[in-house]
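User: I would like to go through the interfaces of this complex. Please start with the terms needed.

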Amino acid sequence: MTTNGTHPPPPATDAAHGDVFLELNDEGKAALADFAWVGEQYHRGAWAAHAGEYIAVVRRQVVGVGGDPAGLRERAARECGVPPGRVVVSYIDSPNDL
Amino acid sequence: MAKVRVEVRNHPLARCVGSESPTPFGLPFFRPSDAARVIARLPWYRLLVKVVVLPADADPLTRPVEIPETHSPPAILDTGAPLTCFPATLWRQFAAEIRWLDQPPREDGEPWRMTILGGSWTYRLGRVRLGATDINGRWLDAATTVAMFLDEPPAGASRPPRHAILGLRTPLLDRRRVRHAGTTPDDLPVWWLEDDIP
Amino acid sequence: MSRVRLRTLVERRVGYRWPSDRSGVPLTIPAYRLRTQLVALSPDADPYDAPPTDLEQFRRIDAIFDTGAPLTVLGHGRWRPFASDIRWLEQVPTPSGQPRRLTILGGSWTYRLAQVRLGVTDEQNRWLSAVWTPVLCLDPNPTTDNLALLGLRTPLLDRRRVRHAGTTPDDLPVWWLEDDAVG
Amino acid sequence: MTTNGTHPPPSAIPRDPTDPPDQQYLPDSWAPLLADLRWLDEQYNLGAFEAHRGEHVAAVSLAVVGHGRDLTELYERVARELGVPPGRVATVYVDELLFTE
C-alpha cells in the first residue's frame with residue numbers, strides 16, 4: 001500500500017504462490033480502492049473526530065457522517081449519483097468499543 | 001494456495017490522552033525502569049476480514065466481478081466467538097440472501113438471546129453464503145455459514161456489536177490457518193487467512 | 001518448530017429446524033470454544049526452561065483463545081493465584097483522573113495494566129516457551145472474576161499461525177497454535 | 001476414558017510421532033496432572049458439568065473432587081482435603097452460557 005492511497009498491482013509472485021484474484025469490473029475496483037483508503041486514513045488517525053459514528057466515502061471523499069448507516073448510504077448514493085452498493089460505509093471504532 | 005490479507009486495524013482505545021505522542025493509538029504507560037518517564041504506548045489491534053455475501057443459490061465457484069459494499073462488511077476475525085454474528089444494521093442490507101432457520105421455541109416463550117458479559121440481544125438463526133476478499137482483490141471461495149442475525153435492540157437496551165463477527169464455526173476457517181507473518185515497515189502486524197497446505 | 005494443540009470445548013448445541021421440516025425433530029449446531037492452558041512463570045525463571053516440575057505452585061490459566069480480544073484479559077479470580085509474579089505497569093493518568101476502564105459492549109470494568117510471563121502447554125505436554133505478555137488485570141467484580149482471554153497482542157502469536165487441521169473421529173475440530181514454518 | 005478413578009495415573013505421556021523434531025515438552029512429572037486436565041475436557045464435552053455453569057470444576061486422579069466460583073479457594077480446599085499440592089489439582093472453568101437456554 002503506497003502512502004498516497006493507491007495500491008500497486010499485486011506482485012507476480014503472489015500469483016505464482018497460487019493466490020486467487022477476482023477479476024473485478026471498474027466499479028468493483030473503485031469500491032475496493034475506497035475501502036482500502038478508509039483503512040489507510042484510519043491508521044493516520046484521520047477519523048478520530050468521528051469515533052463512534054459511521055462515515056460514508058465515495059471516490060476518496062467523505063460524503064456523510066452519522067449514526068444511521070442505512071440512511072447515510074441512501075443519502076450518499078443519491079447525492080453522488082451512484083448505486084447504494086458503491087458507497088463505502090464504515091464504522092469508526094470508539095474508545096468505548098472493545 | 002488461496003489466501004486473503006487480513007486487515008489489521010489499530011484500536012483507538014486511550015487515544016484521548018493529550019498530545020504527548022504523535023501516535024494517536026495505544027494504551028499509554030510508563031516503563032518501570034524509565035526514570036525520564038517517557039510515555040510508552042501499547043497498541044491494540046483488531047483483525048478484520050472483508051467477507052462477501054453471495055446469493056444463496058450461487059454456483060459454489062462463483063467469483064464476483066463487483067462486490068456491493070452492502071454485501072461485503074469487514075468482520076472481526078474472532079476465535080473467541082463460537083458462531084458468526086451480524087448486527088441488524090449490516091444484515092438488513094443483504095436480508096434477501098439469508099435462508100432463515102427456525103429455532104425450537106423456548107419453554108417460557110421468550111425469544112432466544114445471545115449474551116456477552118454485560119450485553120444480551122435477541123437473534124434469529126440463519127444461513128448465508130460467505131466468501132472473503134481483501135484490498136488487493138484476492139479471493140477465498142465461498143461457503144455456507146450458519147450465523148446469528150441480531151435484532152435491533154429496543155431503545156435504552158445495551159448496544160449491540162457494530163461490526164460483524166466471523167466466529168469459530170464457519171467453513172471459511174475449515175482447513176485454513178490464520179497466520180502472523182511479521183510486520184510492515186510502519187510496524188503494523190501482517191496477518192493472512194489462507195488455505196492450509198501441509 | 002514447536003506447536004501446541006488448542007482445546008475444543010463444546011459450550012452448547014444450538015437447536016434449529018428447517019422451516020419446511022414438519023417432523024418436529026430439531027437439528028443442532030455445536031457451539032465450540034477454543035481454550036488453551038497458559039502457565040504463568042515467575043519473572044526470574046530461566047526464559048528458555050520449562051515450568052517448575054514440583055507442581056507446588058498453581059499458576060495455570062484455563063483461557064479462551066480469543067483473536068477478537070485485542071489484549072489478554074484476566075479477571076481478579078484468575079490473576080490472584082500468581083499475583084506475586086505479575087510485573088505491574090504504571091499507567092498515565094486519564095484527563096479526568098478517574099481509573100481507566102475496559103468497556104465491552106454492555107459492561108465496563110476498572111483494570112490495571114501488567115505484564116506476565118506466559119507459556120502455553122497442552123494435554124500432550126507440549127510446550128511453547130514463555131514470553132512477557134501485556135495483560136489487563138481486572139479489579140474484583142463478580143461479573144468478570146473468572147474471565148480469562150488470551151488476546152491478539154501477545155508475543156505468543158508472533159510468527160505463529162492458528163491452524164484448523166480437520167476433525168477428530170468424534171467430529172471435534174482440531175486446532176493448532178504453531179510456529180510459522182512457511183517463512 | 002470416562003470412568004472415574006479406574007485408571008492409574010500415567011507416569012509419562014506418549015509423544016506424538018507427527019510432532020516436529022525440535023518440539024519442546026513439559027517434564028513427565030506433569031503427566032498425572034495433564035491426564036486429569038484431558039479427562040476434564042472429555043467430561044465437559046459430554047455435558048457432565050452443566051450444573052456448574054459459572055464455576056470451576058476440580059479433578060484429581062480422574063475424579064471430580066470439588067467445584068466453586070472462587071478458584072483460589074477451590075485449589076486450597078481440595079489440596080487440604082486430599083493432601084496434595086494445590087498445583088496438582090486440575091481445574092476447568094465451565095463458561096457462563098452464551099445463549100440463553
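Analyst: Buried area here is the accessible area, taken with a 1.4 Å probe, that two parts lose on being put together, summed over both. The model is predicted.

User: How much area do chain C and chain B bury between them?
Analyst: The contact involves 59 residues of chain C and 58 residues of chain B. Carbon and sulfur atoms carry 65% of the buried area. The total for chain C and chain B is about 4900 Å².

User: Which element gives the largest share of the side of chain C that touches chain B?
Analyst: Between chain C and chain B there are 20 residue pairs in polar contact. On the chain C side, the largest share is seven residues. They belong to residues 160-167, strand E11 of chain C.

User: How much area do chain A and chain B bury between them?
Analyst: Here 38 residues of chain A are in contact with 39 residues of chain B. Of the buried area, 56% is on carbon and sulfur atoms. The total for chain A and chain B is about 3600 Å².

User: Which residue of chain B meets Asp19(A) in a salt bridge?
Analyst: The interface of chain A and chain B has three salt bridges. In one of them, Asp19(A) is joined at 2.9 Å, N to O, through side chains. Its partner is Arg138(B).

How values were computed: Residues are numbered from 1 along each chain as its sequence is written. Chains are lettered from A and ligands numbered from 1 in the order in which they are written. This is a predicted model: local features need pLDDT of at least 70, side-chain atom pairs count only at pLDDT 80 or more; totals for chains, interfaces and linings use all residues. Side-chain values use heavy atoms; hydrogens and water are left out. Contact means heavy atoms within 4.5 Å. A salt bridge is a side-chain nitrogen of Lys or Arg within 4 Å of a carboxyl oxygen of Asp or Glu. A polar contact is a pair of N or O atoms within 3.5 Å; within protein, one must be able to donate a hydrogen and the other to accept it, and residues adjacent in sequence count only if both atoms are side-chain atoms. Helices (H or I, at least four residues) and strands (E, at least two) are DSSP runs, numbered from the N terminus.
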